[in-house]
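Please have the sequence and the model at hand while reading.

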Amino acid sequence: MSNPAEKPEVVALPAGPQVAAPVNSRRVAAQRVREARDRLTSSSGTRPAFDAELLRQYAQTRISASYVVMLLVVATGVLFGLWMKPIVAGAWTVGILGVHLAIIRSCYRFLAEPTSVAVTRKWRTRFVLLDLLYGLCWTAILIHPAGRDLSSNTLMMFLMLLVIAVSSMLAASLPIAALAATVPVTVGIALDLVLNGAFDNYVLALLALAAEGYFALLAHRLHSTTLATLEARAEKDALIGELEQAKAISDEARHRAESANVAKSRFLAQMSHELRTPLNAILGFSEVMKSEIFGAHAVPVYKEYSADIHNSGVHLLNLINEILDLSRIEAGRYELNEEAVALVHVVADCHHLLKLRASSRGITIHEVFEHGMPRIWGDERAIRQVVLNLLSNSIKFTPQGGEIWLKVGWTASGGQYLSVKDTGSGIAEDEIPVVLASFGQGSNSIKSAEQGAGLGLPIAKSLIDMHGGTFTLKSKLRIGTEVIVTLPPERVMSALAPMTEEAPPMQPPEPAEPAMGADRKRVRRKSIMSAGTGL
C-alpha cells in the first residue's frame with residue numbers, strides 16, 4: 001500500500017528583477033531633482049526662472065502704480081505742510097519723489113536687460129535697498145507730527161495704514177522688499193507712541209504692529225498665489241513640450257512604420273511572381289508524377305512522395321495567397337469587385353465544397369436558411385472566402401462526431417447575417433483578441449494537429465469591415481464557438497418596380513434612301529444567303 005503524499009514544501013522564490021518605474025513616477029522624481037537643484041542655485045528658495053519672473057512682475061506693478069504713489073506723496077506733503085514748516089514738507093516731498101523716481105527708473109532698466117541669475121540677484125538687492133530707503137522716508141515724516149493730540153495720532157495711524165497697504169500690495173511679488181518698505185514705518189511709529197507713555201498710545205502701537213502682521217501675511221499669501229500660478233504655467237509649458245516631443249516621436253515612428261509597410265508591400269509584390277512561378281511548376285510536375293500519367297513508378301513509394309510534394313505545394317501556395325491578401329488589405333489596396341450576390345447560394349456552395357471533408361471526420365453540418373432573401377451588393381469572391389475560412393476553421397477544431405450549424409437570415413435592422421456555430425473545443429475569452437490578430441493562434445490551435453498560419457479570421461474580419469459589416473466571435477472552452485457576420489441594410493437589394501416606359505427598339509430605324517433604280521433596290525434587299533445564286 002502506497003503512503004500518502006507528503007505536503008509539498010513551500011520555497012520562496014528569489015526576487016526577480018525590479019520592474020521599471022512608470023512614466024509618471026519618473027516624471028515626479030525628475031521634477032523633484034530639478035526643484036532641489038533650482039533651490040540650491042536660487043536666492044529665494046524658488047527656481048531661478050521664477051525669481052526672474054517675480055522680479056519682472058514687481059517691476060511692472062511698480063511702473064503701473066507710479067502715478068498713484070506720486071499722488072499719495074504729493075497729498076501727504078501738502079497735508080503736512082499745513083502742520084509744519086512748508087519748507088520741510090516740500091523738502092520731504094522732493095526727497096521721497098526722488099526715491100520713487102529712482103525705483104521707477106531701476107524698474108525700466110531691469111526690464112530692458114536680458115535675464116540671468118547674476119542679473120536677478122543684483123537687481124533683487126537693489127530693489128530691497130530702494131524700498132528700505134522709501135520706507136525710511138515715510139518714517140521720517142510720520143514720527144514727527146506737529147502735535148501730540150488724538151487727532152494727529154489718528155491721522156498718523158491712517159497714513160501709516162495707507163502706506164503699509166499700498167507698499168505691501170505693490171511689493172507682493174517680492175516679500176522681502178515689502179518688509180523693507182513697511183517695517184521701518186511700523187516700528188518707528190510704534191516706538192514713538194510707546195515713548196509718549198499714554199494708554200491710548202499703547203493701544204495704537206499694538207494696532208500698528210497688528211496691522212503690520214496682517215499686511216505681511218497678506219503679502220505672503222499673494223506671493224504664494226503668484227508663485228503657484230507660475231508653477232502651474234511652467235508645468236503646463238513642460239507638458240506641452242512633452243506632448244510636442246511625443247508627437248514628434250510618434251510622427252517619426254509612424255513615418256518609419258509607413259516606410260516599412262511600403263517596403264513590405266513592394267517586397268511582396270516583387271516576390272509574389274518569383275514564388276508562384278517555381279511553385280506552379282512544382283505543383284504541375286508533382287501532379288503528373290502523382291497521377292503516373294507517363295507510366296507507373298518503378299518504386300511505389302515514389303507515388304506517395306509525389307503526393308506529399310503536391311500537398312505541401314498546395315499548402316504553401318494557399319499560405320502565400322493569404323499573406324498577399326492580408327498585405328493588400330492592410331495597405332488599403334484591396335479593391336472590392338461588387339455585384340449582386342445571393343448569400344444563401346454562396347454559403348450552400350461552400351458547404352458543398354467542404355462537405356466531403358466534414359463527412360470524413362464524422363461531422364454533421366446543419367443548414368438553417370431563410371428562403372426568399374434578396375441579393376446583397378458585395379464582392380462574391382470576398383464573401384466566399386469569408387465563408388470558406390469560417391467553415392474550414394469549424395471543421396478543423398470540431399472533434400469526431402461533432403456538429404456545425406450554418407445559419408443565414410435577417411437582422412433586426414433589415415440586414416442579413418451569417419452564423420457558423422460548432423461544438424468544438426472553444427477559445428478562452430482572453431485569447432479572442434489574439435486569434436483575431438494577424439498570425440495569432442490560441443492554445444487549442446497550437447495543440448491541434450492541423451495548425452495554420454493564423455490568417456483566416458483576420459482576413460475574414462477585414463473583408464467584412466470593408467463591406468461595412470460587423471464580425472462577432474463568441475466562444476467558451478469545451479462548449480463551442482460561434483462566429484456571426486452581419487451585412488448592413490444598405491447592401492440589401494430590394495425588388496425594383498417594373499418600368500412604365502416602353503423599351504427602345506433593338507435596332508435603329510433604317511434611314512430614308514433617295515430614289516434609285518428598281519434593280520438596285522432589289523439587289524440591296526436580297527438576303528445574304530441568296531446573294532450570287534441567281535434566285
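Where is the place of Glu292? Glu292 sits in the loop between α8 (199-291) and α9 (301-330); helices (H or I, at least four residues) and strands (E, at least two) are DSSP runs, numbered from the N terminus.

## Basis of the report

The model is predicted: local features need pLDDT of at least 70, side-chain atom pairs count only at pLDDT 80 or more, and totals for chains, interfaces and linings use all residues. Residues are numbered from 1 along each chain as its sequence is written, and side-chain values use heavy atoms, with hydrogens and water left out.

Most residues other than glycine have a negative phi. Glu292, although not a glycine, has a positive phi of about 55°. Glu292 has a relative accessible area of 26% and is therefore partly exposed (buried means under 20% relative accessible area, exposed over 50%, partly exposed in between, with a 1.4 Å probe and protein chains only).

Arg478 is not a glycine either, and its phi is positive, about 60°. Arg478 belongs to the loop between β6 (470-476) and β7 (480-487). Its relative accessibility is 74%, so Arg478 counts as exposed.

## Helix α7

Helix α7 covers residues 175-196, and at 1.5 Å a residue its 22 residues should span 32 Å; the end C-alpha atoms are 31 Å apart, which agrees. The expected span is 1.5 Å times one less than the number of residues.

At Thr182, α7 bends by about 30°, and a proline, Pro184, follows within four residues. The bend is the angle between axes fitted to the seven residues ending at a residue and the seven starting there. After α7 comes Gly197, with a positive phi near 85°.

Beyond its neighbours within four places in sequence, Tyr134 is in contact (heavy atoms within 4.5 Å) with Val69, Ile96, Val99, Ile103, Ser167 and Ala181. Asp131 is found in helix α5 (residues 117-142) and, at 0% relative accessibility, counts as buried. With neighbours within four places again left aside, the contacts of Asp131 include Tyr58, Arg62, Ile103 and Ala181.
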